[in-house]
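Open the model in your viewer and keep the sequence panel beside it. The tour makes two stops, each with something to select.

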Amino acid sequence: MGDEDAFEVLLISPQRKGKGLLFPKGGWEKDETIEDAARRETIEEAGVCGDVEGKLGIWYFENKNGDTAYEGHMFPLFVTEELDYWPEKDIRKRFWMSVREARKLCQNGWMKEALELLVSRLTSQSRRTKVDLFSRINCSSGGHGTVLHLGCRAQVLAPPLPNPAEEA
């Protein structure tokens with residue numbers, strides 16, 4: 001894929017209006033892996049399903065009040081299906097956009113850093129063909145394929161660590 005214009009990313013609206021856009025994120029349950037939590041949160045918040053790929057990295061951030069710190073594990077998710085209905089459909093909107101648009105509209109600096117790592121990862125794979133990169137992805141599930149005429153759709157996920165108070 002040698003060019004960042006060859007793919008789109010998915011951002012969602014926050015629950016509160018007027019706060020910019022963000023990538024789906026959320027906590028994980030004790031009985032699930034981080035990757036399983038990423039899949040679940042993406043279905044709940046954005047109404048998309050797909051394959052979680054290798055972790056982009058770990059970021060530390062604070063909640064809105066600035067009184068709690070979290071550790072966010074960011075993953076790309078290659079979308080294979082967009083759902084018509086999902087748990088948070090009535091409170092969130094999803095937006096597919098170019099990387100350039102996402103840089104402007106994403107509200108969190110740490111999410112923008114993860115976006116840059118995703119872009120770097122995907123564009124550095126330019127020697128590989130689309131078939132090599134996406135041969136295992138089902139592109140015919142209800143007409144919602146990951147491989148587009150211009151490339152792929154990718155999404156970054158960030159489930160924070162469980163609340164330490166809940167572990168006690």
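Strands here are DSSP runs of E with at least two residues, numbered from the N terminus. The model is predicted: local features need pLDDT of at least 70, side-chain atom pairs count only at pLDDT 80 or more, and totals for chains, interfaces and linings use all residues. Residue numbers start from 1 along each chain as its sequence is written, and side-chain values use heavy atoms, with hydrogens and water left out.

**First stop**

Select Tyr60, which lies in strand S3 (residues 57-62). Is Tyr60 buried or exposed? Buried means under 20% relative accessible area, exposed over 50% and partly exposed in between, with a 1.4 Å probe and protein chains only. Tyr60 has a relative accessible area of 58%, so it counts as exposed.

Tyr60 and Glu71 are 11 residues apart in sequence, and their C-alpha atoms are 4.6 Å apart. Their side chains make a polar contact of 2.7 Å. A polar contact is a pair of N or O atoms within 3.5 Å; within protein, one must be able to donate a hydrogen and the other to accept it, and residues adjacent in sequence count only if both atoms are side-chain atoms.

**Second stop**

Move to Arg92, in the loop between strand S4 (69-82) and strand S5 (94-98). Arg92 is buried, at 8% relative accessible area. Show its side chain: it reaches the backbone oxygen of Ser13 at 2.9 Å. The side chains of Arg92 and Glu88 are joined by a polar contact of 2.5 Å.

Notes: Helix = DSSP H or I, 4+ residues; strand = E, 2+ residues; numbered from the N terminus.
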